[in-house]
Amino acid sequence: MTTTTNDNEKRLKWHKAYETGIERIDFEHKVFLELINSFCYAINNQLAAKDLSRLISEIEKYAEFHFISEENFMRRINYPDYNKHQKDHFELLEYLNLYKHKAEDFGQYARFLHQWFVNHTIHEDIKIKTFIQENNIDVDQYYYNLNISK
Ligand SMILES: [Fe+2]
């Protein structure tokens, strides 16, 4: 994530381990990962601090949107760990805001974002997948997935 000769090689990549199997959640997570990539690219290309701060706002707003989207889905399927999961989201938004001022540089903030994304996805979001599988829930019946033509 530091300065590089080949930005493409340094891109944060999507891994199978991140997949919840819920099309919309996976789609929104992929967008989130790409926002972090755009942010890293901007850091490596020495964008002005003012513009980097605007990218942080974009990431924060997107995180807020995505959390509400995911929470709405959990509510619809009566997900048993909803309260704990929502608390995790809330704490992260608070921490993101704090860390924005605490981080020594933009790179450190980007690393924190990525680490948080990986940890939360593979440890918490993946539990939604398990709940769906164990209870044979048909996601499509909740009109949650987005019908986006490719
Ligand atoms: Fe989540």
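How far apart are the end C-alpha atoms of α2, and what span should its 28 residues have? I looked this up before anything else in my notebook. At 1.5 Å a residue, α2 should span 40 Å, and its end C-alpha atoms are 41 Å apart, so the two values agree. I note here that the model is a predicted one.

**Entry: the ends of α2 and α4**

I followed the chain past the end of α2. Asparagine 78, just after this helix, has a positive phi of about 55 degrees. I then made the length check on α4. Its 29 residues should span 42 Å, and the end C-alpha atoms lie 41 Å apart, which agrees. I also found a kink of about 40 degrees in α4, centred on threonine 121. Asparagine 136 follows α4 and has a positive phi, near 45 degrees.

Glutamate 70 belongs to helix α2 (residues 49-76) and aspartate 125 to helix α4 (residues 106-134); the pair is 55 residues apart and links distant parts of the chain.

I checked whether these two are buried or exposed, taking under 20% relative accessible area as buried. Glutamate 70 has 0% relative accessibility, so I count glutamate 70 as buried. Aspartate 125 has 1%, so aspartate 125 is buried too.

**Entry: glutamate 124**

I looked next at glutamate 124, which lies in helix α4. Its relative accessibility is 15%, so glutamate 124 counts as buried. Not counting residues up to four places away in sequence, I found glutamate 124 touching Tyr79, Lys84, His85, Asp88 and Asn119.

**Entry: isoleucine 77**

I placed isoleucine 77 in the loop between α2 and α3 (82-102). With a relative accessible area of 5%, isoleucine 77 is buried. What does isoleucine 77 contact, leaving aside its neighbours within four places in sequence? My list reads Ile128, Phe131, Ile132, Ile137 and Tyr142. From isoleucine 77 to glutamate 124, I noted 47 residues in sequence and 16 Å in space, C-alpha to C-alpha.

**Entry: threonine 20**

Threonine 20 sits in the segment before α1. Its relative accessible area is 3%, so threonine 20 is buried. Beyond four places in sequence, its contacts are Ile25, Asp26, Asp125, Ile126 and Lys129. Threonine 20 and isoleucine 122 are 102 residues apart in sequence, yet their C-alpha atoms are 8.8 Å apart.

**Entry: the nonpolar cores**

How many residues are in the largest nonpolar core? I noted 27, and those with the most contacts inside it are Phe32, Ile36, Phe39, Tyr109, Leu113 and Phe117. At least two residues of this core come from each of α1 (23-44), α2, α3 and α4. α1 gives the most, with eight residues. Another core lies apart from it, with 13 residues, including Ile25, Ile128, Ile132 and Ile137.

I ended with phenylalanine 39. Leaving aside neighbours within four places in sequence, phenylalanine 39 contacts Leu52, Leu55, Ile56, Ile59, Phe106, Tyr109 and Ala110.

Technical notes: Residues numbered from 1 in each chain as written. Predicted model: local features only at pLDDT ≥ 70, side-chain atom pairs only at ≥ 80, totals over all residues. Heavy atoms only, no water. Helix = DSSP H or I, 4+ residues; strand = E, 2+ residues; numbered from the N terminus. Buried < 20%, exposed > 50% of the residue type's maximum accessible area, 1.4 Å probe, protein only. Expected span 1.5 Å × (residues − 1). Bend = angle between axes of the 7 residues up to and from the residue. Contact = heavy atoms within 4.5 Å. Core = buried A, V, L, I, M, F, W, Y, C linked by side-chain atoms within 4.5 Å.
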